[in-house]
Amino acid sequence: MIGAKILLVDDEEIFVRNMAKLLNARGYEVTTALSGDAAIRALSEQLVDVVVLDLKMPGMDGLATLKEMQKLDLFTQVLMLTGHGSIDSALEAMRLGAYDYLTKPCEIDELVLKIEGAWEKKDGAEQKDMMDKIQKVVESPKSVFEVFPRKNIEEKEK
Amino acid sequence: MTAAETNGADDFMPNADYRRREEYRKFFRRFVLLTLVSSLIPLLLVGWGINIHYTKFARNRMIENLNTEIDHHRKIIELFLEENISKLKLIARTHTRDYLSRPSNLSRIFEMINRDGASLTDIGIIDHDGRHLAYIGPYDLLDRNYAQAFWFQQVMEKGIFISDMFLGFRREPHFIMAVTSLDNGDPWILRATIDTEAFRSLVENVRIGKTGEVYLVNSGGIYQTTPRFHGSIMEKTRFPVAESHAGIDFRLWEDASADNGNTSPRQVICSVWLQEPRWLLVVKQEYDEAFDAVNHANRAVLIFLHISGLSILIVAVLVTRHMLAMIRRRDMETDRLNEQLMQTSKLASIGELSAGVAHEINNPLAIISTERQILLDCEKQTPDLPPEFRAQINDSLSQIDVQTRRCKRITHNLLRFSRRTTSIMEPLNLNAFVQEVVDLMEREANVNGVKFVTDLSKDLPTLVSDASQLQQVFLNLITNAVDAHNEKPYGRIDITTQLSKDEQGVMLCIADSGSGIPPEVLDKIFDPFFTTKPVGKGTGLGLSICYSIIQRLGGRISVESSIGKGTRFDIFLPLQPVSGGELAEKQ
């Protein structure tokens, strides 16, 4: 999906820069973060559709970052990047709710394919959520303020 | 075994083997010796005790028997003599000399005495001058004068006299009894010759066992009766006559001058002195016969001791041998475990290292890969490039791609070798599984002129194991087996499956007819990164991966090889997965 917002998280600066360049060239809007903390900060500041997250990072590693993201309760989908040595961790991440994983080094086409899949899933989930909310509002119009808090609406309008 | 010894065993394997054999031998000797000493000594002590005790007991019994015997004979002899002397006394005291001097009177008395069986040979009356006044008997002795006879003086002095055996006038061994009596203050003598035959038969007819004899000797050591063996009456005995002693004397005597070899010189001698005359009654028996019972018992004890000793020896040897076999088996088991442990820990540490290296290399590889793609993107977006330059760029970029993929394959293998994965255990039919892999490989093998020969046991039970990991092992081994035929135009690969001997698992054997593995590298083939293939062809991880997979599945893999003939891998797989004791797992 052209224009989807991607957050790239990896401690390898050059890798992140190159990846961003490649994804930009393919029409994605890319934000980068060099650590788990930075990624969480970025997520709370802006809306992101898909996060590409490296498992092995100094400080907060991929799994911990993933758990933190879950707490934010977003529709954002997460793609894990891993070396072969940590496939078990990747599987663990999928159990925790990550969309899929990729082994490094990876082909850009492969990555794009997975990003598309993740975006579709995110989009589907978002639409389903929206439908549920609308259903709720239709059933009891009073609850419109609970379902769509003011802040959320403002963001939508923006 | 201490650590130092283990290390020594590694450094000098044949030496250690020899030393261990020596140790076994030492142990064997020591144990058998100990068993023998600890069981034979009490046995010998008991045997000895029984022997001493019994010998004493039997000896006492025998001596008692002999004592009873000799006492009995003494009583008989003394009774005989006493009876005869009493008769003579009675005659002398109840008749006058003049009465008895008449031959008809004396003859009547003589007949009366001998009526109940002959006991006197002759009888005579002698006056104080030694003249024969009357004589009844078979000899013509009436004109003899006994004044000079050795007994005459003695009887005149003592009143009663019993002589030793002597030849006398008649030149025949005999002995006499004489008593004195007084007629008006004039002494006279009643003398009688004892029937020697009757007397001697009292003694000589006694039989004690085979070698026992009874005889009489006088104080001068002259036989008074003929002994059963050696010597006869009136001869001097070889047996030293003891000093006069009271009661019964018992002794052992070595007959040093025994002239014939068939009698044992050792004798048991029991003797007692008669009251009157001073004759020694001797009961003599060969020691061996007398102590036959003792000897018999001793022999029995001896045989018993020998049999016991022998059986203890046999049992000790057998038990020790059995124990040694057990110890040897356990030692071998320990060796095998040690070897396995070493291999495992080697793999573990190398695995850890290679995982780290692979991971670190993956990151730069990822960057190289992205750089290539950026260049590729740029190349596509730049339409006005010189065609040669574009061709070169495309060429280089695709080469970069090939090489990154190669690197990726290596790191991929490295990580697979070391990675921890949870095995997915499922029941599987090994034969069908093997057949699948063989089918998969057959085409490639046929190209190389190699054919598969499978001998799969039909009654193989279902195995619970990890199919994908096993597949990798088989593929690796079969690929190696096929590659081993590179220098040969054709060959065969035998694959057999069978139930293991203890029925706890399955034995799978893959044997090729390839070039074989040199013995000096045979123990390195399971080490990671060890390869004989040309650079770039193999990572040297295939067999390490096989080894660690089989280990993880609770099995064993071993290899045999001979140069030019081929290599054979034996794999044991347990029927049920073994929990615990697996390869130390790591992150």
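**Figure 1. Crossing of helices α11(B) and α13(B) in the predicted model.** The crossing of α11(B) and α13(B) is left-handed, a term used when the near helix is turned anticlockwise from the far one by less than a right angle, with right-handed used if clockwise. The axes of α11(B) and helix α13 (residues 542-552) of chain B come within 9 Å and cross at roughly 145 degrees; axes are lines fitted to C-alpha atoms, for helices over the stretch in contact, and angles run from 0 to 180 degrees between N-to-C directions. On the α11(B) side, the contact is made by B:Gln469, B:Gln472, B:Val473, B:Asn476, B:Leu477 and B:Asn480. The α13(B) side contributes B:Gly542, B:Leu543, B:Ile545, B:Cys546, B:Ile549 and B:Ile550. Residues are in contact if their C-beta atoms, placed from the backbone, lie within 7 Å. By class, this contact has seven nonpolar, five polar and no charged residues, where Ala, Val, Leu, Ile, Met, Phe, Trp, Tyr, Cys and Pro count as nonpolar, Asp, Glu, Lys and Arg as charged, and the others, Gly among them, as polar. This is a predicted model, in which local features need pLDDT of at least 70 and side-chain atom pairs count only at pLDDT 80 or more, whereas totals for chains, interfaces and linings use all residues. Residues are numbered from 1 along each chain as its sequence is written, while chains are lettered from A and ligands numbered from 1 in the order in which they are written.

**Figure 2. The open five-stranded sheet of chain B.** The strand order is β11-β13-β14-β16-β15 (chain B), and the pairing is mixed; strands pair if DSSP finds at least two bridges between them. Helices (H or I, at least four residues) and strands (E, at least two) are DSSP runs, numbered from the N terminus. At the edges stand β11 (450-456) and β15 (556-562) of chain B, each of which pairs on one side only. Neighbouring strands of this sheet are turned by 15 degrees against each other on average, direction ignored. β15(B) runs antiparallel to strand β16 (residues 566-574) of chain B, to which seven bridges join it. Within this pair, B:Glu560 stands opposite B:Arg568 in β16(B). Helix α11 (residues 467-483) of chain B packs on the sheet and touches β11, β13 (491-499), β14 (505-512) and β16 of chain B. The direction of α11 makes about 20 degrees with that of β14(B).

Figure 3. Five strands form an open sheet in the order β2-β1-β3-β4-β5 (chain A), with parallel pairing. β2 (29-33) and β5 (100-103) of chain A have a single partner strand each, so one side of each is left without a neighbour in the sheet. From one strand to the next, the twist averages 20 degrees. Five bridges pair strand β1 (residues 5-9) of chain A with β2(A) in the parallel sense, and A:Val9 has A:Ala33 as its bridge partner in β2(A). α2(A) lies across β1, β2 and β3 (50-54) of chain A and runs at about 160 degrees to β1(A). α3(A) touches β1, β3 and β4 (77-82) of chain A, and its direction makes about 150 degrees with that of β3(A).

**Figure 4. Packing of α2(A) against α3(A).** Helix α2 (residues 36-45) and helix α3 (residues 62-72) of chain A pack at an angle of about 20 degrees, with their axes 10 Å apart. The two helices are therefore roughly parallel to each other, the class for angles under 35 degrees; those over 145 count as roughly antiparallel, 65 to 115 as roughly perpendicular and the rest as oblique. Their crossing is right-handed. A:Gly36, A:Ala39, A:Ile40, A:Leu43 and A:Ser44 in α2(A) meet A:Ala64, A:Thr65, A:Glu68, A:Met69 and A:Leu72 in α3(A). These residues divide into six nonpolar, three polar and one charged.

**Figure 5. The contact between chains A and B.** Chain A gives 17 residues to the contact and chain B gives 23 residues. On the side of chain A, the elements that give two or more residues are α1 (13-25) and α4 (87-96). α1(A) gives the most, with seven residues. By class, the side of chain A that touches chain B has eight nonpolar, four polar and five charged residues.

Notes
Contact = placed C-beta atoms within 7 Å.
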